[in-house]
Amino acid sequence: MATKGMNIPAIEKALGEKWEDTCARLEAAGGASASHKELADALYPQFEGRVDSHGWWVQGAVVAYEQEIGRRVPGQRADGTFDVAVSRTIPGDRSELIVKFASLIESTLNEVALDGEPRTSETAKRSFWRADLDGGIKVEAAAETKSEGKTLFVLTVSKLPSPEALEEWRGFGKDFLKQL
């Protein structure tokens, strides 16, 4: 079932052309018979040097096109799995919030068992907590300082098997972030 591609006005603005023109480029690259990678590889050089962050926008255009032709639904990745991210701006230090997040998790997250030990890391910009769950599900918590005393906290769950699982994890994530 086809759906309206997401973020079409933003893609049009970023690429500097009407959506119909971008679709024509994708059709010329093989359209529905081409893979996601083939479409992105064909579109990428057409915008190189013309569009800021063109790789990001090309990926977005290919995903929106795939949604329109019915190859995928919103939230679905090229491999057929689903990702969901929820975020919240929270008072506090990014590193301390990652520690607090980790302290709330014992052996399961949303009643799914951890598969191995969680990992933490930091870059100059973000603090992370990552874990694998049973069933191949991946979880990442990322915290980034937004302003003095405020942190953007994003919880991303990937490799979900269905749109229903995506919505279940979206609700869980929103509720879970309220504990921070």
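Thr22, Arg25 and Leu26 in H2 meet Leu39, Leu43, Gln46 and Phe47 in H3, where contact means heavy atoms within 4.5 Å. The residues of this contact divide into four nonpolar, two polar and one charged. The model is predicted: local features need pLDDT of at least 70, side-chain atom pairs count only at pLDDT 80 or more, and totals for chains, interfaces and linings use all residues. Residues are numbered from 1 along each chain as its sequence is written, and side-chain values use heavy atoms, with hydrogens and water left out.

**Helix packing**
- Helix H2 spans residues 19-28 and helix H3 spans residues 36-47.
- Their axes come within 9 Å and cross at roughly 125 degrees; the axes are lines fitted to C-alpha atoms over the stretch in contact, with angles from 0 to 180 degrees between N-to-C directions.
- H2 is therefore oblique to H3 (under 35 degrees is roughly parallel, over 145 roughly antiparallel, 65 to 115 roughly perpendicular, the rest oblique).
- The crossing of H2 and H3 is right-handed.

**Fold**
- The protein has six helices and seven strands, taken as DSSP runs (helices H or I, at least four residues; strands E, at least two).
- Along the sequence the pattern reads α-α-α-α-β-α-β-β-β-β-β-β-α.
- Among contacts with a separation of 6 or more, 56% join residues 24 or more positions apart.

**Size and surface**
- The C-alpha atoms fill a box of roughly 50 × 35 × 25 Å along the principal axes.
- Of the 180 residues, 38% count as buried (under 20% relative accessible area, 1.4 Å probe, protein chains only).
- The accessible surface is about 10,000 Å², and 50% of it belongs to carbon and sulfur atoms (Shrake-Rupley method, 1.4 Å probe).

Terms used
Left-handed = near helix turned anticlockwise from the far one by under 90°. Nonpolar A, V, L, I, M, F, W, Y, C, P; charged D, E, K, R; others polar. Buried < 20%, exposed > 50% of the residue type's maximum accessible area, 1.4 Å probe, protein only.
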